[in-house]
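Reader: Could you walk me through this structure, one feature at a time?

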Amino acid sequence: MKMSDPHTAPPAAQPGFDARALWRTRFAAYRQEALGYLQYAARSNFFLLLAFLAIVSSYYYAKSLQRLPTNYPYWWIAVALLAPVLAHSPIRTLLRPADRAFLLPASQRLGPYFRSGLIYSGTLQALVTTLALVALWPLYRHCAGPAAQPFGLLLPLLLVLKAANLLGAWHETRLAYQRARAGSALYRWLAAVAALLLLFLSSPLAASAAALLFTLGWLAAVRRAAALQIGWDHLLARERQQQARLYAFFSWFVDVPQLPARIVRRRWISGITRLLPFRQDAFYAYLYGKTLLRTELLGICLRLTLLGALAVAALSSEAARFAAFLITPLITAVQLGALNQAHRYTFWLQTYPLDRSAKPGAVARIVWLALLAQTAALTVPLLLTSGAPALWAPPVSLAASALLCGVHFRRKFRQDG
Amino acid sequence: MNPILQVDALSGGYLPGKPVLRDLHFTVGQGEMLGLIGLNGAGKSTTIKHILGLLTPQKGAIRINGHTLDEKPLAYRSACAYVPESPELYDELTIGEHLELTALAYGLPKDVYQSRAGALLRQFQMEDKLNSFAAHLSKGMKQKVMIMNAFLLEPALYIIDEPFLGLDPLAIRSLLELMVQMKRRGASFLICSHILSTIEKYCDRYLVLHQGVAVASGTLDDMRRQANAPGATLDDLFYKLVAGDAP
């Protein structure tokens, strides 16, 4: 790894700048925020669920090992598990967009900052590597038998490979061109797969020798590639991406305000607003219709519909199918209630020459149409699996949706504004 | 002749008892372009927010075509279009859909919308961005979308807040041409800008705001007389009028 050397660095713009202190502040803020969200995760018994899953899966793991022949080609499982663990090497930098402007003059002095980021990311990934090897261990011992290498040899070897990948990934962020970055990443993945194959099919020595050769080859290739001192744009994009992913995970448990709404074009359905008349009174239907069709709300609707359809198709008792048929639109309606909250901070809605009292009804009508479409979709598996008595379900669902949207949502949306 | 926009004794701001604007009087007549100029924080944007009805006057009244917002809300709002200083677009809509939505909101007939939108998209070289989402546009392109939305409506009154920042030279030229064209057809303009050399060539009258108070107003010649500076440019006049007690 080549980082700026404080001894050869020219005098930076800020004489008192302490890169390590900056990392400490950033990391403390990051940890505090993450811990806050993790509390919500804990409150929802997410960790209990994880522990339960771990116990159940280890039980089945042990049971299936008993039946597994010892000549089973376990190596493909080992490679499929360990190659991503080794090659995927994201680096948290905790950079913020403003850094590109404010830290630029101190570029020469940021070495300790990025080193701290690498140590943090490396520690986490070393932990994951260890866990992966621990998980693999029973299978490995079972299949390799007396030829199995000791844990104390394999773990250090894997950790060295992990460190090499991480340093490679760091240098990758400095490469000037996307094509070079992608090429380097692909090389690391292939090298990881090759080294792991050698490790499990040949010997640790062969794997180490190959890894050394791969590293030398990579160094030779990367020397010629155009590199920046700090790949600001790429680092910031990656940092934003990783933080967004973390927020997306936390959003399972609690509303995460920082999470930007994900907009999907959905060409196959979003053109449906063309059916609206080109008139002033179609305004709210147009805006909120497009909003439903392009945001995560439609994704939720589709997933719930699929889940409901599976339940209606697979459940064995008539009553259970009936219940699934009726409960699915109800859950969907609760989710779709959020549509009314969209655009609440847009001042444009206040400046249009429109009768604002038309909005609650228009939004409620969109929710109703969505529920109608869902009921129609659920009717297909119902007709396929059930007899004549179940045919009561669609009309009941339609009546309930109409009542819910026409009365309850209209009133609620009017109160919410 | 009745003015299109009439601001009478306007006092207002964000907190009761702490007005940002104090006793503001001005009018914008039909086919007239008024330049609202002042330092950052002078109260220009606050004035615009009051006109748009996003803030309520603490004292005084604002009339568009002779009516306040409370008297005839729909007529009041239909009569003006606004180009904000920082573009605000819907994440969920493409550029073409923004234009369509605006046309719906103001009740434009479909054929009128189509011909106007086509012309504007050509003029601002945005035809290939019709299906792009706002998140994928630069600041200048977003600003173009705001401008197209306003000019699509051809309203009686345009309220334009610092329109030139971020626009490329061709777009600035297109915007100025459009302004002249609409003005000739009788539209009125209220324009805030710091680019004094540009608006000097286009505005009929000016209002200089300083710390929430109008310190000078009138044509360029009026202001030259007020500042006792014959032949001065708008830039010189502005400096003379407000630099004396700049913060």
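Reader: Which residues are buried in α13(A)?

Author: First, this is a predicted model, where local features need pLDDT of at least 70, side-chain atom pairs count only at pLDDT 80 or more, and totals for chains, interfaces and linings use all residues. Residues are numbered from 1 along each chain as its sequence is written, with chains lettered from A and ligands numbered from 1 in the order in which they are written. A residue is buried if 20 or more other C-beta atoms, placed from the backbone, lie within 10 Å of its own. In α13(A), that list is A:R321, A:F322, A:A324, A:F325, A:T328, A:P329, A:T332, A:A333 and A:L336.

Reader: What do the buried residues of α13(A) pack against?

Author: Contact means C-beta atoms, placed from the backbone, within 7 Å. The buried residues of α13(A) pack against α12 (296–314), α15 (359–385) and α16 (393–416) of chain A.

Reader: In what order do the three strands of the open sheet in chain B come?

Author: Strands pair if DSSP finds at least two bridges between them. Here the order is β2-β1-β4 (chain B), with antiparallel pairing. The edge strands, β2 (21–28) and β4 (59–64) of chain B, each pair on one side only.

Reader: How many bridges join β1 to β2(B)?

Author: Five, between β2(B) and strand β1 (residues 5–12) of chain B. As for B:L5, its bridge partner in β2(B) is B:V28.

Methods. A residue is buried if 20 or more other C-beta atoms lie within 10 Å of its own, exposed if 12 or fewer, and partly exposed in between; C-beta atoms are placed from the backbone. Helices (H or I, at least four residues) and strands (E, at least two) are DSSP runs, numbered from the N terminus. Two residues are in contact if their C-beta atoms, placed from the backbone, lie within 7 Å.
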